[in-house]
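Here are my notes on the model you sent.

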Amino acid sequence: MGLLTGKIAVVTGAASPRGLGKATAKLFAEHGATVVITDLDAAQAQAAADDLPGEGHMGMACNVTDKEACFATAAAVIEKLGAVDILVNNAGITQPLKIMEIAPENYDAVTDVNLRGTLYMTQALIPHWRERQTGSVVNMSSVSAQRGGGIFGGPHYSAAKAGVLGLTKAMARELAPDGVRVNAICPGFIATDITAGKLTDEMRAQVLAGIPMGRAGTADDVAGCALFLASDLSSYCTGTEVDVNGGSLIH
Ligand code: NAD
């Protein structure tokens, strides 16, 4: 039996075909969930939803930096599907900048999507979950938050992802009495398209040298952890940060 039979999950930023969100959405669907894929482009989100196993999945446009769009998306999903049980705040962007290269627009872009977006999309579902006294949130942070970058993203990305960890823990504390669990995943170096062709062979070799398991992670490696945190398997876990990094940060 599937671990998410009858559950409804929203996964943000999940249209990217090789991304962590898409792999998570697919694994959730394989475990019986109805999945709503949101991303910037409606057609791409719909195409990703159509690609999932099973029936009834949805694709929707939602820019997570837009609070009204997040609330409208949550309302539309609840109206159409009746409820939301799980939210994966996966939408994120990164930029390989050094500290003095970070311009105001870089800071805004990276903190807005990763951190503000996580807050807004979760806020959009909290009233619904308070009514139902249940909910599970999985936030995508990063090993960059824990070790101060050193993989690909610059200091503004580390700061945004560290912000996601603080937000995760504070929301976990505040929402626990409402039966809502909030946890974070800290992926290490995972082969996806987030590096947008900017990862050089030299950078790649350097990162791989620091991974005890000797390989980059796969999107499926992260999806498995998301399934654990989203499902009742992790029913007594809240406010946790789970490392999925091949041992690249053993602490
Ligand atoms: P990806 O680039 O493949 O996918 C990210 C998705 O987010 C894209 O589909 C993009 O369109 C979407 N997105 C961007 N801005 C958005 C916005 N404002 N609103 C809604 N959607 C938006 O990246 P990925 O590697 O799959 O990363 C997924 C998450 O995991 C991100 O939060 C990322 O920071 C995090 N992460 C990735 C790695 C890695 O090595 N790949 C490591 C640690 C953390």
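1. The ligand is surrounded by 28 residues, and the closest of them are Gly13, Ser16, Gly19, Gly92 and Thr192. Please keep in mind that this is a predicted model.

2. Which helices supply at least two residues each to the shell around the ligand? Helix H1 (20–30) does, and so does helix H4 (104–132). H4 gives the most, with three residues in the shell.

3. By class, the shell around the ligand holds 14 polar residues, 12 nonpolar ones and two charged ones.

4. On confidence, the chain has an average pLDDT of 97, and 100% of the residues score at least 70. For the model, ipTM is 0.99 and pTM is 0.98.

5. The axes of H1 and helix H8 (residues 219–230) come within 8 Å and cross at roughly 55 degrees. Angles from 65 to 115 degrees would count as roughly perpendicular and those under 35 as roughly parallel; H1 and H8 are therefore oblique to each other. Their crossing is right-handed.

6. On the H1 side of this contact are Leu20, Ala23, Thr24, Leu27 and Phe28. The H8 side consists of Ala219, Asp220, Val222, Ala223, Gly224, Ala226, Leu227 and Ala230. Taken by class, the contact of H1 with H8 has 10 nonpolar residues, two polar and one charged.

7. How do H3 and H4 cross, and at roughly what angle? The axes of helix H3 (residues 67–81) and H4 come within 8 Å, with a crossing of roughly 40 degrees. That angle makes H3 oblique to H4. The crossing of H3 and H4 is right-handed.

8. H3 brings Lys67, Cys70, Phe71, Thr73, Ala74 and Ile78 to the contact. From H4, the residues they meet are Tyr120, Met121, Ala124, Leu125 and His128. The contact of H3 with H4 divides into eight nonpolar, two polar and one charged residues.

9. The ligand shell can be treated separately, with Gly13 and Thr192 among the closest residues.

Definitions and conventions:
Residues are numbered from 1 along each chain as its sequence is written. This is a predicted model: local features need pLDDT of at least 70, side-chain atom pairs count only at pLDDT 80 or more; totals for chains, interfaces and linings use all residues. A residue is near a molecule or strand if its C-beta atom, placed from the backbone, lies within 6 Å of it. Helices (H or I, at least four residues) and strands (E, at least two) are DSSP runs, numbered from the N terminus. Ala, Val, Leu, Ile, Met, Phe, Trp, Tyr, Cys and Pro count as nonpolar, Asp, Glu, Lys and Arg as charged, and the others, Gly among them, as polar. Axes are lines fitted to C-alpha atoms, for helices over the stretch in contact, and angles run from 0 to 180 degrees between N-to-C directions. Angles under 35 degrees count as roughly parallel, over 145 as roughly antiparallel, 65 to 115 as roughly perpendicular and the rest as oblique. A crossing is left-handed if the near helix is turned anticlockwise from the far one by less than a right angle, and right-handed if clockwise. Two residues are in contact if their C-beta atoms, placed from the backbone, lie within 7 Å. pLDDT is the predictor's confidence in each residue, from 0 to 100.
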